[in-house]
Amino acid sequence: MRHFRTLLAHELRSAALSWNTWAAAGLFLALMGGIHFFALVDAARAPTSRAPVEATLWFFWLPLLCVLPLLTMRTFAEERRSGTLAALLTTPASPAAVVWAKFLAVWIVWALFWLSFAVFPFLAAQRLDGANARALGEASSLWGGLCFIAVSGFLHVAIGILCSCVTRSAALAALLAFISLLALTAAGGAIETLPIESWEWLGWLREPAAHLRTFGHLQDFTDGVLDARPLVLYGTGTLLCLGLAVLTVEGQE
Amino acid sequence: MNEAAPQPEAAVVAERLTKRYGSLTAVEDLSFTVAPGEIVGFLGPNGAGKSTTMRILSGTMSGTSGRAAIWGVSVALDPAGAKRHLAYMPENNPLPEDLRVEEYLTLRARLKDVAPDRVDERVRRVMEDCDLTRRASGRLIGQLSKGFRQRVGIADALLAEPRVVILDEPTIGLDPHQILGIRELIRSLRGKMAVLISSHILHEVEQVCDKVVIINRGRLVAQGRTEDLRRELLPEAAFTVVTRADEAALLAACRRAEAAAGVAALAGADGWNTFRVTLPAGSPARETLAATLIGAGLALREVAEEKFGLEDIFLAATRRAPGEGRRS
């Protein structure tokens with residue numbers, strides 16, 4: 001991992017200069033800005049069970065499915081197609097350093113996107129008086145939600161990186177990432193809606209289903225509940241995906 | 001240059017290298033060495049397995065069996081260690097389009113463990129050596145011509161002053177001026193780095209290389225110095241003779257000097273006929289042919305011994321059955 005810092009700096013610089021990143025940023029801000037605007041309009045019309053900030057964060061899956069694959073799709077697929085990955089691997093830099101550098105660079109960009117979203121509630125609060133500003137939602141909910149995005153983002157980005165490793169086509173990598181992230185986000189909720197209790201032979205699914213409640217994790221974070229299980233889930237999932245990505249890069253001929 | 005490692009007997013060792021893709025054998029039982037500081041041409045027809053062998057040696061592909069070592073370090077057991085002594089420029093020379101030449105070389109220098117305080121100096125040096133400073137340093141790689149892209153690839157290969165440089169078709173797509181420049185550059189590496197270079201331009205290889213390794217259908221067919229291979233593969237002597245005599249008279253005159261001599265008519269104009277006279281290997285008539293023909297009273301305008309080039313050696317070597325080849 002001696003070359004990790006060099007590679008990370010290069011990846012961040014490339015991301016900053018890439019039209020792809022700026023297009024993804026524009027799409028992200030348009031999506032989240034729009035969602036937040038409608039959440040504010042809804043809250044102004046009638047009292048709602050969720051504050052606008054929480055309601056907006058509840059739609060985190062939309063940029064997750066539409067924007068994150070745009071960031072991860074080119075990381076390896078494009079380099080494999082052009083042959084620059086093979087050229088990179090002729091240097092003493094290890095495949096692990098390359099994978100981790102690309103992973104962390106995308107995660108940092110993803111985290112910056114979400115930090116930029118925090119500007120919207122801040123601007124809304126600036127324009128309202130004290131009581132109405134408080135009705136927008138607690139700042140702790142916002143930061144809790146962003147912490148969830150950051151923690152779950154490790155796994156989400158790692159999935160996107162892995163998808164980009166297995167193909168030379170950036171479009172296919174984006175599609176694979178979209179399907180995988182959709183499955184991961186929806187899996188917990190889908191399993192929970194099944195009448196598992198009435199199916200004896202599906203009893204073993206109860207435990208994993210409880211761990212995969214993505215929206216439950218978001219709720220816990222916004223409520224300020226710190227549970228170690230999601231951290232373990234996202235941590236081990238990230239390591240697994242990146243380990244597979246390293247093996248895939250090493251095995252490419 | 002990396003001074004820590006002691007100098008091994010061979011800078012590059014390929015020992016019984018084999019690469020199979022299912023039922024297809026790309027490289028089979030291939031063995032050769034490159035001595036430190038030596039420039040070796042790696043030749044073979046298209047699909048002979050040159051690029052596969054180079055990729056195995058550079059660690060970007062694993063072999064099915066056999067051993068590859070760079071500066072005494074096994075490529076399979078210690079790929080990072082082997083790569084520290086090696087620079088490899090692949091055939092298509094992939095480069096990132098969105099970086100400027102200087103930025104790219106700086107990045108590569110850092111990845112190749114060039115000491116931080118020497119990075120700028122090394123980048124400047126290789127850019128000067130490869131004539132990139134004036135016309136390409138500030139330009140995006142994506143905007144460069146094929147010739148300059150090749151130069152960037154070679155500059156990258158020389159950046160960390162490696163012990164071994166492997167260049168796969170470094171002059172492909174270059175114009176004659178550029179080829180000349182690259183040839184001079186490679187020649188300047190003699191004695192400093194071991195260079196393994198594959199090229200389809202045999203004249204160029206002959207000009208630059210100390211030794212050639214010729215493979216065909218994945219197997220070694222010949223290796224050694226050009227002179228040794230010429231003696232081994234093309235032992236007979238051939239002369240171009242321009243005379244007023246006809247074929248029968250010339251043959252009769254030649255047979256006086258060498259009973260096994262052969263004559264073949266090539267062309268004729270203005271009463272002068274051109275023939276190709278061949279003498280068997282080791283024939284003493286080689287030294288006396290001109291005198292013999294004059295002694296026979298033939299009107300001669302020219303008697304010239306044909307010099308077999310690498311092209312002839314290559315054709316002779318690749319015509320013989322794979323596996324017949326041996327150390328010259």
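## Two domains in chain B

Chain B is divided into domain 1 (12-231) and domain 2 (235-307); these bounds come from an automatic or database domain assignment. The C-alpha centres of domain 1 of chain B and domain 2 of chain B are 44 Å apart. Along its principal axes, the C-alpha trace of chain B spans about 75 × 45 × 35 Å.

This is a predicted model, in which local features need pLDDT of at least 70 and side-chain atom pairs count only at pLDDT 80 or more, while totals for chains, interfaces and linings use all residues. Residues are numbered from 1 along each chain as its sequence is written, and chains are lettered from A and ligands numbered from 1 in the order in which they are written.

## The two chains in outline

Chain B contains eleven helices and 14 strands. Helices (H or I, at least four residues) and strands (E, at least two) are DSSP runs, numbered from the N terminus. Chain A has 14 helices and zero strands, and its pattern along the sequence is α-α-α-α-α-α-α-α-α-α-α-α-α-α.

Of the 328 residues of chain B, 45% count as buried; in chain A, buried residues make up 40% of the 253 residues. A residue is buried if 20 or more other C-beta atoms lie within 10 Å of its own, exposed if 12 or fewer, and partly exposed in between, with C-beta atoms placed from the backbone. Two residues are in contact if their C-beta atoms, placed from the backbone, lie within 7 Å. Among contacts between residues at least 6 apart in sequence, 70% in chain B join residues at least 24 apart; the corresponding value for chain A is 81%.

Four strands of chain B form an open sheet in the order E2-E1-E4-E5, with antiparallel pairing. Two strands pair if DSSP finds at least two bridges between them. Strand E2 (24-34) and strand E5 (73-74) of chain B stand at the edges with a single partner strand each, so one side of each is left without a neighbour in the sheet.

Strand E1 (residues 12-21) of chain B pairs with E2(B) in the antiparallel sense over seven bridges. Here Lys19(B) stands opposite Val27(B) in E2(B). Helix H1 (residues 50-58) of chain B packs on this sheet and touches E1, E2 and strand E4 (65-70) of chain B. The direction of H1(B) makes about 120° with that of E1(B); axes are lines fitted to C-alpha atoms, for helices over the stretch in contact, and angles run from 0 to 180 degrees between N-to-C directions.

Five of the five residues of strand E7 (residues 164-168) of chain B are buried, so E7(B) is largely enclosed by the rest of the structure. Val164(B), Ile166(B) and Asp168(B) point one way from E7(B), and Val165(B) and Leu167(B) point the other way.

Strand E6 (residues 86-89) of chain B pairs with E7(B) in the parallel sense over four bridges, and Leu86(B) has Val164(B) as its bridge partner in E7(B). Strand E8 (residues 194-198) of chain B also runs parallel to E7(B), joined by five bridges; Val165(B) stands opposite Val195(B) in E8(B). Together, E7(B), helix H6 (residues 176-187) of chain B and E8(B) make a right-handed β-α-β unit. A crossover is right-handed if, with the strands pointing away from the viewer, the path from the first strand over the helix to the second runs clockwise.

## The sheet E12-E13-E11-E14

Another open sheet of chain B has four strands in the order E12-E13-E11-E14, with antiparallel pairing. Strand E12 (262-269) and strand E14 (300-305) of chain B are at the edges, each with a single partner strand, so one side of each is left without a neighbour in the sheet. Neighbouring strands of this sheet are turned by 15° against each other on average, direction ignored.

E12(B) and strand E13 (residues 272-279) of chain B pair in the antiparallel sense over seven bridges. The bridge partner of Ala265(B) in E13(B) is Phe275(B). Helix H9 (residues 247-257) of chain B lies across strand E11 (237-243), E12 and E13 of chain B, at about 140° to E12(B). Helix H10 (residues 285-295) of chain B packs on the sheet and touches E11, E13 and E14 of chain B, its direction making about 175° with that of E14(B).
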